[in-house]
Every structure is written in structure tokens, then in C-alpha cells.
Amino acid sequence: MRVPLIAGNWKMHKTLDEALSFVRYFAENPPGENVEALICAPAPLLYPLADAMKETAVALGAQNMHHAPQGAFTGEISSAMIKDTGASYVILGHSERRQLFAETDASVNLKVTKALEAGITPILCCGESLEEREEGRTGEVVKGQVIKGLEGISEVEVPRVVIAYEPIWAIGTGKTASNGDANEVCAEIRHLIKELYNDEAAATLRILYGGSVKPSTIKGLMAESDIDGALVGGASLEADSFLGLTRF
Ligand SMILES: O=C[C@H](O)COP(=O)(O)O
């Protein structure tokens, strides 16, 4: 059985005080049952949040990671550094990283490989632009990103990967893919995992949808056959709203 995962991506938001008050709220208001709730926070917040989150049922993740174990990579953080904080997830290949920081399928693949090696769960992001969707290339683009992102990952490791399908045109825009359209792409990804690996991997691996998800839209998405959760930006910033997302 795939345990639903509701992952908040705070992006570059929140000071320490703001983050701690968010966590205090969860100490008193637990997330929904049978759901894994996760916050992916900016790197400087990981240590204090890991400590504060011990009192809650919320897991912690990072938003990016370098693939090298160490070295002269100013501004970057390694898998060992993330592990040290107590975080157990890392978002990799988010479209903002691909568009604004020139990440490629090849660099994302190195990071996915390294995260698995370090025992950190990678959330591998994929998604098409509006132009690609209008050209009818959604399946081709998304499948290409998944194939390249998972290159060299074994069938033993692949069930530990989480894939997040986020159409770029739906991120932070208020536009969402319809539940059916989002599910269709997630189902295509699952079918691809079956082709690349096997039935068991396809049945185990979790696929999230992301793009303007809100407490009011989560229920419909979660009712779809191949959507196992959500990667949420804006609506994860307020504690009450994030809580609502976990109680669909
Ligand atoms: O990682 C999260 C996605 O970029 C979605 O962001 P959003 O919920 O603000 O549209």
C-alpha cells in the first residue's frame, strides 16, 4: 500500500521564528491519520526544525543537494550535511532549479543517485511547460525527464524514489491541471516505471501532483487512482492550510 505523502515546499520563505511557530502549531494539531506529512525547508532552518519537529508527526526535507560528497562548491550542501540535520527527504530537479539555476536531467540524475546512496528519499520533479503542453508533448517531456533522472537506479532502489509531476504552467499561477489530466500523466509515469522496472516497483513508488494545490482541491486529486499525494508551495506556508492539506 502506498502511504499518501503531503509535502510542503517552503521555497525561499520563512525566518527561524516563523518556522518555529509553524511547528508549534503541529505539536497541538496533528496532521491527518494515515498520511505522511513533510516540510521541505530552506537549508539554514533544517537543524532547528529537526529538533522542534521531534514533538510532531511531520517529517523534514531539504530542497536541493549537490551530488559530490564535499569540495569547492560555494553555496552548496552535500547529502551528508542533510543527513546530519536529521532531514530524510530532498526535492531534486524542481522546475525552478532547472529554469533558474541551469539544472539538467544529467545533474538531477547524479543527485538522485547520491541521495539514495546516502539513505535520503529523493523527490524527483518533472513537468512540462505550457508551450510543450500546447504542442502535445507532455508525455514525451515528462517521460524523458523520468527516464534520464532514474538512469542507473536499480530495481531494488527505485521504489524508494518519489516522483512529483508538476506542470510548470500550474506552479504558483492558481491554474491547476484538472484531476483527470493530472492523473493521466501520473498514470503514464507509473506505466513507464513498470516498463523500465517491474510491476512491484510501479505499484510501490509514490507519484505526487504539484501546481497550485490547495486544501479545497486536495480531496479530488487524492481520489484519483495514480496520485499518491501532493507537492505544495504557496498553500504549505500557513500552518492551518498545510494541516487542511493533510486532512483530505
Ligand atoms: O514545489 C511546489 C510547487 O512548485 C507548487 O507550488 P505552488 O503550490 O505554489 O503552485
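Modeller: One definition to start: helices (H or I, at least four residues) and strands (E, at least two) are DSSP runs, numbered from the N terminus. By that rule, H66 is found in the loop between β3 and α3. This is a predicted model, where local features need pLDDT of at least 70, side-chain atom pairs count only at pLDDT 80 or more, and totals for chains, interfaces and linings use all residues. Residues are numbered from 1 along each chain as its sequence is written.

Biologist: Why does H66 count as partly exposed?

Modeller: A residue is buried if 20 or more other C-beta atoms lie within 10 Å of its own, exposed if 12 or fewer, and partly exposed in between; C-beta atoms are placed from the backbone. H66 has 18 C-beta neighbours inside 10 Å, so H66 counts as partly exposed.

Biologist: Which residues is H66 in contact with, leaving aside its neighbours within four places in sequence?

Modeller: F73, E76, I77 and S78. Contact means that the C-beta atoms, placed from the backbone, lie within 7 Å.

Biologist: What puts the buried residues of α2 on the same side?

Modeller: In helix α2 (residues 46-53), the buried ones are L46, L49, A52 and M53. They cover an arc of only 130 degrees around the axis, which puts them on the same side of α2. The arc is that of the directions from the helix axis to the C-beta atoms. An α-helix has 3.6 residues a turn, so residues three or four places apart point the same way. The buried residues of α2 pack against α1 (16-28), β3 (58-62) and α3 (79-85).

Biologist: What makes strand β7 mostly covered?

Modeller: Five of the five residues in β7 (residues 206-210) are buried. R206, L208 and G210 point one way, I207 and Y209 the other.

Biologist: Which strands are joined to β7 by bridges?

Modeller: Two strands pair if DSSP finds at least two bridges between them. Four bridges join β6 (residues 162-165) to β7, and these strands run parallel. Two bridges join β7 to β8 (residues 229-232), also parallel. Both counts therefore meet the rule for pairing.

Biologist: How do you know that the chain agrees with a compact globule?

Modeller: The radius of gyration is taken over C-alpha atoms; the globule rule is 2.2 Å times the number of residues to the power 0.38. With 248 residues, a compact globule would come near 18 Å; the chain has 17 Å, so the two agree. Buried residues make up 44% of the chain.

Note on methods. Contact = placed C-beta atoms within 7 Å.
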